[in-house]
Structure formats: structure tokens, C-alpha cells
Amino acid sequence: MAELPIPDLPPARCSGRFTISTLLGMEEGGRGPYTPTEGSSCDSIQPTHLSSSTLCTRTFGYNTVDVVPAYEHYANSKGVGDLRKGRPSLADLHSILKVTGGLAVPIASLASPGHAAAPCEVSAGLEEAEGEPGRDSVPEPVRFGWVKGVMIRCMLNIWGVILYLRLPWITAQAGIALTWLIILMSVTVTTITGLSISAISTNGKVKSGGTYFLISRSLGPELGGSIGLIFAFANAVAVAMHTVGFAETVRDLLQEHNSLIVDPTNDIRIIGVITVTVLLGISLAGMEWEAKAQILFFLVILVSFINYLVGTVIPATAEKQAKGFFSYRADIFAQNFVPNWRGPEGSFFGLFSIFFPSATGILAGANISGDLKDPAVAIPKGTLMAIFWTTMSYLVLSATIGACVVRDASGSLNDSVAVGSPGCEGLACSFGWNFTACTQQQSCRYGLSNYYQSMSMVSGFGPLITAGIFGATLSSALACLVSAPKVFQCLCKDQLYPLIGFFGKGYGKNSEPIRGYMLTYVIAIGFILIAELNAIAPIISNFFLCSYALINFSCFHASITNSPGWRPSFRYYSKWTALFGAAVSVVIMFLLTWWAALIAFGIVIFLLGYVLYKKPDVNWGSSMQASSYNMALNYSVGLSEVDEHIKNYRPQCLVLTGPPNFRPALVDFVGTFTKNLSLMLCGNVLIGPRKQKMPESRLMADGHTKWLMKRKIKAFYTDVVAEDLRSGVQMLIQAAGLGKMRPNILVLGYKRNWRTASPQSLEDYVGILHDAFDFKYGVCLMRMKEGLNVSRVLQAHVNPTFEAAEHPENGTGSRAAPGTAVDPTALACEQQASTIFQSKQGKKTIDIYWLFDDGGLTLLIPYLLGRKKRWAKCKIRVFVGGQINRMDEERKAIVSLLSKFRLGFHEVHILPDINQKPRPEHIKRFDELIAPFRLNDGFKDEATVNEMRQGCPWKISDEEVDKNRAKSLRQVRLNEILLDYSRDAALIAITPPIGRKGRCPSSLYMAWLETLSQDLRPPIILTRGNQENVLTFYCQ
């Protein structure tokens, strides 16, 4: 691609960004775009490898505010649309530049509250900060690579006393073949988990918190928090377990030499407390000292392992032969290749449950993720290498000891016989030893099946195996002592649970959780003093398996959601193997100890329920969010393929609330009958110039949504910017919703100030009702005696929607001054106004005046309301019009129809006097109501009337008054009936009249609604369906 011609420029330094002042100097100063300016500079906040050696104009070919890609622009990004330092906002690039004190700043940035500083300001600020003399440099924390930080740590945690004391015995029971199968099955689970850890840890920057951090940031705080708490506790108790294992070994050595301190049990306690105190001291000394101690333990174990391998090739002495060791023999290998089950634990799964805990410990490296140089590289590489080398050690040990030692031996030197002696049975006879007697009596003390210390006996120098046991137990205890506080510290900082934040404080350059260390120490001491861990050990194993299951499930779930954010750099994993690993982990939990598995699940579910109930205010971009989106998308698309049916009709409401906190009663009313049932969408029309109102729209949308959530209203909020109210509502009616989840009812508050409002706002209000009917919407108007708009109480600016001019002092509705807006956080935190729809209604009535057949919507909304707990005790009464001479027949017909609808409405009243003439004083009041809006044309012809009404279409001609006289008197009479029958009702639902478009002036229609609903204490809802059925009595 050819470069743009660029004239010679002075070599201005550039790291990828032009300041706005530079741009202004070139673009608005009358110079050409490539003309150099004195002192022009385009230094970015921090130079990057992408841009630090380029000239400004050579980077882009022209001068611009845009920046080249850089790491700093993406660091610490959380929410979509967050402004990052160094990258100009869209307003910086898109808005008109204006000179302010010699500096070019976008007008949008000047108008929007809390706008980010201009790039040049940020640059200058950083340059000043960098130039400050005497600033102390922060000490670099200790960081570990993949070998020292992960591989060695995991190998030490995986190796344990089972390697030395139980693996030879398992080989004797299951045989070499099945022992390898047990090892490989266990390793399969841990390898799959290791692959899942590798995938999760390479999908973004990993911080401290280890297993908890990985699960919580992947699956969300609910599962992450519960597993983090029990995992930290399990590690704390595991410190006690490994320390007691060490203490028991030391106690046994003291017993052999008759040197007990007090007694066997108290010796374990004394040695255990001293040991864990020393380990605590190593941990508090810092991660560097802890790492050195781990390397020492690692070397001890390696030496002990080499010592064992050397011992297998040394010719056996007579004493060792008496104990069953004969060096490598093919026939011994062949005999030990097949199983020989003995005792109550002599079964495949019995031995599997004993061995499996020795394959765990693969999370030790991940648990100190905050102390690794590059966790994304160290965790996968170190964990998988640790699994590989420990697996090889298990396989080699099983094969070698199975080829050297027979299953049964007496240990007595007197049992040596000549080869081929009669009466000698067993493989040892061919080697000159007769163990027949102890084998038949099952009293042999030595051999693989009987002697746990077979490795020590085979090794070249026995005490080195004891040193290896010490190294294995102490290294595991030390790893758990470090892991528990690190995981718990991250959990405390997230504040998912109460009363634990105290332990989240870090100290020193590595932010060491000293308080967490002390808590872990106290827990470990408590369990060491119990000195009986046989009951708690299975629960701990199950807690670790819970973690494995959730890590595998996290990997599967993140993969299955197809989220664009799931991009792990580690590719050697499969979502199906991860799911298999999760399932197998759960199965193994029940194979190990079914009751411990149930306890573990119970604790997880309890903690999960707590976090679900509290709903912490965190947003980690978890796969659960991605899954929710996928499910919503799939169901919404699937819903579009289903034809609508009356049986599945749901009242989906577009509620014209304006700002929802201005009309809480309207929000509560609709939220009551749509909750967990149908769609509710709160609409707000921002009236004014788009450039002025768009910043307010963006700023306030989140605040209004949080206000709805705090009020426990399950609804969406949306707003539009329009030049006038009616056009904005038309936008909402046409564009609101998604697929089949679109509103079908328009709900709005009654316009109480219609007589004093501007005539155009009156025309717009009635026009909105006509628009709703044109778009096949049902309409629901709500009127309350005290009004709906509480904005005056909230002392906020009144949005001129519907009741904007309700208060005389506001005139025609105050529009917000440019640049002023309510703080969205303050909006969500404001005191909630209480309404009648939040309180129990008791044994009142809900009165339905089903005067016209609108498809049944007038019946359906009160029915849905009556199903809610607060309205359940209310009796529902249905009133219909009728003739006095056919009252019984008409009542029976309506009762029969209602019973077919299965609504449970049994009290039906016929209104025979509905057509009576109203009282004269009420008729007079109606005439006075419409008098200011009359044209007083004297029944002139239509052309003259239209000419007189030019510019004031809301005026009522004398002919229109005369033609609609009967309809007007009907509204006056209905109001009298409502006052007679429903004065004490909890709610009145009535079918309103419809004004014919173009034939009924807006002022006359509003006079009807005013007359119909005036002087009533209960809330009244004027409901009119779109003349299509919403109720049916058919099954199909």
C-alpha cells in the first residue's frame, strides 16, 4: 500500500497519540494539516512498543486525535464502554472542537458531567508525577517461575505418606496391572482438571486467590464464593492432617526407642503443635523463605526415592530375604501382576478410594497465583509437568517393588530351607525360604501384603525413607498453610460473606495475609489437639473433589456458552472431557464416602443459597452471564417460531412512567400483576434537542434500572429522545420489545391537569391514545385521587411527560438545564416512596364494570391482580349493564360466561338504572366543565366550523355537543353509580368510552374521562382492550 505524501517535519516525538491542542493548532489555526507547529507534541501517556519510535504523521499519514493500539488502553477493563486512560472517547473524536483557554476540547466533553480528562491533560499530569523528586520506589514483590512456584509445589503436595506407606500394600492387593489402572484412573481425573485449570488460567490475567479466583471469575460469585470458603477451610484442616501424619511417624520412632514424652496421644499433640508453629514461622518469614523450605523438602524426597531405587538393585541380605525381598525376579513380578484381595478393603474401588487422595494436590501452584511471575504460563506448564512426573514415580514404584518383594514373609532367619524341600509351598521356596506356616495361618508380619514399611526395608538406607516421609508430610502441610490464607484473603476482599473482611488485609511487598495465617494456625491447632482425624479426613477429600468438579464444570460451561470473551491461549482441552472430569469427580466423591459427599454438597448448597439471597454487587463477566444471554436469545428466537394462541395471552405492558421514580404507584400497579408472568417495560420520553438530551439518557438509564431492581420490580427501562411527547411515544410503541416479547398494552397515568395544561399537550395526550389503538394496543389509564406524580416530593426536575404541568409553578413543564442531571447512584439510593399497591388490601372489593366487550382485558387484569398475596382476600364483583325487565336472564348469561372463563368471579350485579337521566346538578357540572372548550359557533355549517377551529382542533362545536349528548350523560350517570356502589372498594376497573378519531375533540373526550372518574377515593383503572379475545373457554 502506497504511503500518503508527507512533507518534511521536525522530528516531534510520538508514542501514538495527538493531543487535542495539537490538532486544534493544525486544523483550526488556518494551517494545512501537515504544517508543523511550534512546540507541537503528541506524547502519549505511556510509550508502547507499537508507537514509541514513530513520528506522529508517519503513524497515520495525517494528524489526528486517534491513538495506536496499546496495552494501557485495555488494562483493568471491566464494563463495556469503560473509558480507558490514553484512549480518546468517542466524543473526543466525533464532537465539534471548541477552543477553551487555548485548549481544544470537544463540546460534548464540556457538557457531559464527569467526563474523562482530555488526553493532553492526562499526559501532563503523568509527566509531572514522574518528575517528582524524592518519591520512594515501591519494592518489587517476590515472584516465582513455573518450576519453583508451581511444579515443585504441586509435586510436593501430590506426594504424601501414601507413596511410602500404602502404595506397596495396594500393589500387593490389586496386583501390578490393576494398581496401574488405579493410578491411571486417578491421574485421568487430575489431568483433565489440570487441562481445565490451564484453559481457565490462560483466559485473561490471573490475580491472587487461586482456585477461588478461577472458579468465581468463571462461574460467578455464587458457586465461586461457596467453594472458596470450604476450600480455604479444607486447606486449613489439611495442615492439621499432614502435621499429625508427621507427628505420628515421630511418635512411632520414639516408641521404638522407648522415649515417649508423655503418652502416645499427647505426644502427637505436643509434636504437632511445635511443628505447625515452626511452619507458621517459615510462612510469616515470607514467600521467599517458604519457597526455600519447599526446595529443601523436594531434595529430601528425591534423595529418598533414589535411595529406594538403588536399594532394589543391591543384592538382598539374608535379613532382607527373610522379610520377602529378593531383588528383581521375573516370577515375583508375574505373581504380583495379578490381584490377591484380602481383608474388608480388598476390592478395586476400596483400594481406589485409598489411593485417590494421593493423586490430589494439583491446585497447590494455582493457589498462589498472585505470587507467580506469569500465572498464565506457570500454572498450565507447572501443573501438567507435576502430574506427569508424579505419575511416573507412582508407576515406577509400583512396578519395581512388585518385582522385588513377595506378598508374605515371616521375617525369621530360621525359615531358610534348601531349594526344592518337600512340604514347602509358595514362590519363596524356589529362593530357599519356607513361609508356608505363616501364610496358611495368616500371621506373616512381613511381605508386601503385611508390612507397610516395605520401601524402607528395600531401600539402601532406611532412615532416608523416614526422612522422605517427613519431607512429604511437612511440605504438604506447608503448602496448605500457605494456600488457605491466600485463597481466604481474596474471598475476604470480595466481601461476599459478612464478618470476614478483617482477614483480607495484606502486609508487606507481597501483601501477605498475616491475619489469615493466624486464623489458619488456630484452626490447625484446634484439629491437631483433637488428634483424631479419621472422621474429618473424608470430608476434606470431598471438598477438594468439589473444587475439581467445579473447575471442570467452569471450563465446560465457559466453552458451551460460546462467549466471545472465552479465548484461552491454552488450546489442549475439550469441553466434553471437562464435563466428563466434572461428572467423574462427583462419582468419586460418593465412592470415597457417600455421607461425606452429602455433607459437602449440603454446605455448598447452603453457601450458594446465601450468596443468591444477598446478591452481591459484583460483575466479573462470568460464564453464567453468558449462559443467561444465550438462553434468553435462544428462547426469544424460538418464541418467534410459535404462533400466538389466546390460551397463552399475557398482558405485556409498555408503561409510560417517565422517570420510574416519579410515578411509583403506576410502577407498583403494573409490576404487581406482571411479576413472573409477563413483560413490563417502563418508557420515558426525553423532550428536547438530541445533542442536549443524549448525555442525560446515557447517564440516567442505569440509575433507573437500579431503582427498579431495588424496588423489586421485574421490568425493563427504556427511553427515547424526541422533539415532542407524541412522537416519542410513537417511537416507543413501534420499537419497544423483541420478537414476540413485545408490548400489547399501553399503560399511562391520567392527565389530571388537562384543563390548565397547554392545548397542544392535551391534543398530544389524546392523540397518544388514538395512536395506541392504531397500533392494535390495548389501553389502560390509571387515576388516583392524590395523583401519580411524586416528583415534587423528590425535589427533582419534572420531565414534561403527561403530568409535567401538574403543578402551576412549573408552567408548561420545566426542562432540565443543559449539563444538569441527577446522579444515577443517588437515584438508586434515594428513599423509596410507599404506595397503596405495596400494602395488604384486606377484605375489600375489586369492582369490575364490564360495560363494553373489549375482548376480556377489563376482566383479565383484575383477575391477575387478585391472584397476588396482597389482594387475595379481596372479593371481586362484576357489574354489567342490563334492562330492568330482563335482569335474571342477563345475570345468568353473564354468570355462565364467566364460569366458562374459569375466573372464579361469582358475584355479578346487573345495573338496570344505567340509562336513567343523571341528576341536574351533575349535568350542570359537566356543562361547566366543557364550557371553556366550546366553539359557540351557533350550529353553523361544517365549512364555517372548520374555519373557526383553524389552529385549535380541541374546540368543541355546538353540533358535536348535541350529537354526543347521550354519550356525555352516560358518563355522568356512570359516575353516580360508581359513587353509590364502589365508594369503599380497593380498586375500580371500568371500560372507558372510545372517542372516534376526527369526530370527537380531545377536550370533549377528556371531559368524559374526567366526569366518569371524578370524586372517587379508590384507584380507578380505565381499561380498554383492542377488541380481540384475550380470554377463551376452549381447550385448543
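This is a predicted model: local features need pLDDT of at least 70, side-chain atom pairs count only at pLDDT 80 or more; totals for chains, interfaces and linings use all residues.

Mentor: Residues are numbered from 1 along each chain as its sequence is written, and side-chain values use heavy atoms, with hydrogens and water left out.

Trainee: At what angle do helix 28 and helix 37 pack?

Mentor: Helices (H or I, at least four residues) are DSSP runs numbered from the N terminus. Axes are lines fitted to C-alpha atoms over the stretch in contact, and angles run from 0 to 180 degrees between N-to-C directions. Helix 28 (residues 759-774) and helix 37 (residues 1002-1013) meet at about 75°, with axes 9 Å apart. The two are therefore roughly perpendicular; that term covers 65 to 115 degrees.

Trainee: Which residues make the contact?

Mentor: Contact means heavy atoms within 4.5 Å. Helix 28 contributes Leu 762, Glu 763, Tyr 765, Val 766 and Leu 769, and helix 37 contributes Ser 1002, Ser 1003, Tyr 1005 and Met 1006.

Trainee: Is helix 6 largely enclosed or open?

Mentor: Buried means under 20% relative accessible area, and exposed over 50%, with a 1.4 Å probe and protein chains only. In helix 6 (residues 146-158), 10 of the 13 residues are buried, so this helix is largely enclosed by the rest of the structure. Among the buried residues are Met 151, Arg 153 and Asn 157. Their cover includes helix 12 (287-313), helix 16 (375-402) and helix 19 (462-494).

Trainee: How many aromatic pairs are found in the whole structure?

Mentor: A pair of aromatic rings is described by the distance of the centres and the angle of the planes. Rings of Phe, Tyr and Trp (its six-membered ring) pair if their centres lie within 6.5 Å, and planes over 60 degrees apart count as edge-to-face. The search finds 31 pairs. In one of them, Phe 570 and Tyr 572 have centres 5.7 Å apart and planes at 80°, so the pair is edge-to-face. Phe 570 is buried at 13% relative accessibility, whereas Tyr 572 is exposed at 68%.

Trainee: Which residues form one aromatic cluster?

Mentor: Phe 669, Phe 673, Phe 837 and Trp 871 form one. Both Phe 669 and Phe 673 are buried. These two lie four residues apart in helix 25 (residues 664-674), and are therefore separated by about one helical turn.

Definitions and conventions
Angles under 35 degrees count as roughly parallel, over 145 as roughly antiparallel, 65 to 115 as roughly perpendicular and the rest as oblique. Rings of Phe, Tyr and Trp (its six-membered ring) pair if their centres lie within 6.5 Å; planes under 30 degrees apart count as stacked, over 60 as edge-to-face and the rest as tilted.
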